[in-house]
Amino acid sequence: MRGALVILRKDLRIEWRTRESLASVFVLGVLLLVVFTVAHDPEPDAAPALAPAVLWATFVFTGLLGIQRGFLLERENDCLAGLLSSPVDPAAIYVGKVAANVALLAVTQAILVPLTGLFLHVDLWPVLPGLAIVLLLGNVGFAALSTLFAAIAVRTRAREVMLPLLLLPLLVPLLIGTVSATRGVLAGGLAAGGDAVTVLLAFDVVFAVAGWLLFAYVVRD
Amino acid sequence: MALLNEPPVRADGLVRTFGGVPVLAGVDLTVEPGEVVALLGPNGAGKSTLLRILALLLRPTSGRLAMFGVDAATAAPELRRRIGYVGHESLCYADLTAAENLDFYAQLFGIEDASARVAELIAWAGLEHAARRPVRVFSRGMTQRLALARAMLHTPDLLLLDEPFSGLDPDAVAALEQRLLDLRLAGHSILLSTHDLDRVATIATRVAILHRGRVAWAQEGGAPAMVVAAAYQTVIGRRA
Amino acid sequence: MRRLLPASVFVTMMAALYVVFMVVPTEREMGIVQRIFYFHVASAWVAFLGFFLVAGASAVHLWNGSRPADRLAQASAEIGVLFCTLVLVTGPLWARPIWGVWWTWDPRLTMTVILWAIYASYLMLRAFGGEDDAIRRYAAVLGIVGVLDIPIIQVSVHLLRGIHPSVITRNEGGSGLVDPWMRIGLLISSVALIVLAGWLLALRMRTARLGEEVAALRRSALERKGEAA
């Protein structure tokens, strides 16, 4: 697992150096929030009810963008071959990449959540702890699944469209779970989102393990 | 560095197909310890594919491969410690500096006293002046030296180089040649692919010609450049 | 074997059609339209079975690189998406006359749509992913992940509040099947559709194998032509 840490640090360092993902996430995130809100054009009282859906839909699309980049950078200069010619286990590469994606997605959420609260008149402070847990669970599940499929998509022909095409159907239960849990948390704290949180936990565990086992089959030719 | 008598490479009937098309159609090749084997061949002969298989980056469709006496198909990841690979691309992250790239790989390989080793290799590659610049701004020659340094970090017994001289100006070629000669003197085994016949004369101890996925001609011992050139013309010329 | 399957399909389909349209009594509340139910549910079962078949064949292919396993996975996906489409078509056909809506986000229908989408993405990957052998591996990974998702989807769709109440589930799942012939009808139509699916599967796999042989022949002919020149 030391290899995973090394890879995590490397990815974070590259991201910090270029700040490419951060910039595009920020801009795209704001744009999507605006688009979704304007498309609904809700009454001021009805606006908060939209918050879970708008937040998570925006998260999914900006997340897809960020994760895609994570593997494009391994493709440049054939760096993935560098990783695979080392004694590091492919599963450790997976863990490192997922960890890096979780970190980057967390930053994404840190940007999107306050903005959503601002645009849709939602008071987030009282429910922050519970919300943070739901955000984390959604984050990890998304990262686990999309890291696996980004590795696939980056080696196919129709690269840009392939990742959303493969991921979105599989992510539907995550989306349902996070929206439901967020709605519950906003209404009455973590307990109110109970069932949904269980779904998210199951999702995270199943796909983290699946990704860990299957990643080697994706990267080893 | 144990088992000096085990050949770094013993390949037997290696076949590799891509989408049904055989790129390697039965390659038999051995590299003995301390040899520098030059793999010649036109584009499309399968040189890059063969090197990637030997670097354990690609699995053969069929055939047997033993590296240092160990069966490549079932080998533990640790076998990779004895192999260094320099491909067409640098395998280095464009946005990190040369030093950061080497540092990353040193940690990945678990090299003791990583910073000293990295500094040593930066000096060896002649990149002191550029160590803290991002790889993105490097010239082709600098990138090649960095790629070679990266491959040498873990002091592999076998070096695999895929067309290392392509795209280099004469000075850079001479610099790279010198480093390879140093490595040969130090006892490393090298297998390099090229379609530059001049380079073969200066460095190689043995030559093999790859054509249409097979070893069409191999010369034991050093061969004069003219012999190699003649053989190359014959082999490649016969099948236009 | 080749004659046996089509014959079985004919026999079982005839039996199913006869039982469903002639023997089973008309359902009290919904009338004649309810007879779609038998084929609707049977198709759903086949679609589900197909999913598990894709996953199983994918796992075998990942394990030992077996080409027949890969062909089975591809064929099962194609057949699965076919029957999934049938479910999604017969559903509205049934719903519209009875409940007045073409669609409802009932948990089961929602699940079927997601399943259909996963099937479709699998076929997209195989069709547009490229010619590499690696695509087979990637598709196999998708096949396995897809099946792992099923139980999670199943649970999560019940979290949906739904635009409409669960009109359809109230009438499926046993409460409507009062007459024993209704149960037999469901059983027979399921068997008929499974046999049909099996036949289509066998045909599709044979086509795939022949296609690979033709491609190989074409390639070697091209190579020989190149050598002779």
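1. Start with helix 4 of chain B, residues 140–152. In this predicted model, helix 4 lies across strand 6 and strand 7 of chain B, and its run makes about 165 degrees with strand 6 of chain B.

2. Those two strands are worth a look next. Strand 6 and strand 7 (residues 158–162) of chain B pair in the parallel sense, with four bridges between them. If you want a spot to check by eye, Ile83(B) has Leu158(B) in strand 7 as its bridge partner.

3. Now zoom out to the whole sheet in chain B. It is an open sheet of six strands in the order 6-7-8-3-9-10, and the pairing is mixed. Strand 6 (83–86) and strand 10 (214–219) of chain B are the edges, each pairing on one side only. On average, neighbouring strands are turned by 15 degrees against each other, direction ignored.

4. Another helix packs on this sheet: helix 1 of chain B, residues 47–54. Helix 1 touches strand 3, strand 7, strand 8 and strand 9 of chain B, and its direction makes about 155 degrees with that of strand 7 of chain B.

5. Leu39(B) is a handy landmark here: Leu39(B) stands opposite Ser193(B) in strand 8 and opposite Ala208(B) in strand 9.

6. How many residues of strand 3 of chain B are buried? Five of its five, as it turns out. Both faces are covered, with Val36(B), Ala38(B) and Leu40(B) on one side and Val37(B) and Leu39(B) on the other.

7. On to the contact between chain A and chain C. Chain A puts in 26 residues and chain C puts in 27. On the side of chain A that touches chain C, helix 7 (159–188) and helix 8 (194–219) of chain A are the elements giving two or more residues. By class, that side of chain A has 19 nonpolar, three polar and four charged residues.

8. Finally, a word on confidence. The predictor gives the complex an ipTM of 0.88 and a pTM of 0.89. Chain C averages a pLDDT of 84, and 90% of the residues score at least 70. The stretch to flag is residues 163–175 of chain C, where the pLDDT is below 50; beyond near neighbours in sequence, this stretch has 20 contacts in the model.

Definitions and conventions:
Residues are numbered from 1 along each chain as its sequence is written. Chains are lettered from A and ligands numbered from 1 in the order in which they are written. This is a predicted model: local features need pLDDT of at least 70, side-chain atom pairs count only at pLDDT 80 or more; totals for chains, interfaces and linings use all residues. A residue is buried if 20 or more other C-beta atoms lie within 10 Å of its own, exposed if 12 or fewer, and partly exposed in between; C-beta atoms are placed from the backbone. Two strands pair if DSSP finds at least two bridges between them. pLDDT is the predictor's confidence in each residue, from 0 to 100. Two residues are in contact if their C-beta atoms, placed from the backbone, lie within 7 Å. Ala, Val, Leu, Ile, Met, Phe, Trp, Tyr, Cys and Pro count as nonpolar, Asp, Glu, Lys and Arg as charged, and the others, Gly among them, as polar. Axes are lines fitted to C-alpha atoms, for helices over the stretch in contact, and angles run from 0 to 180 degrees between N-to-C directions.
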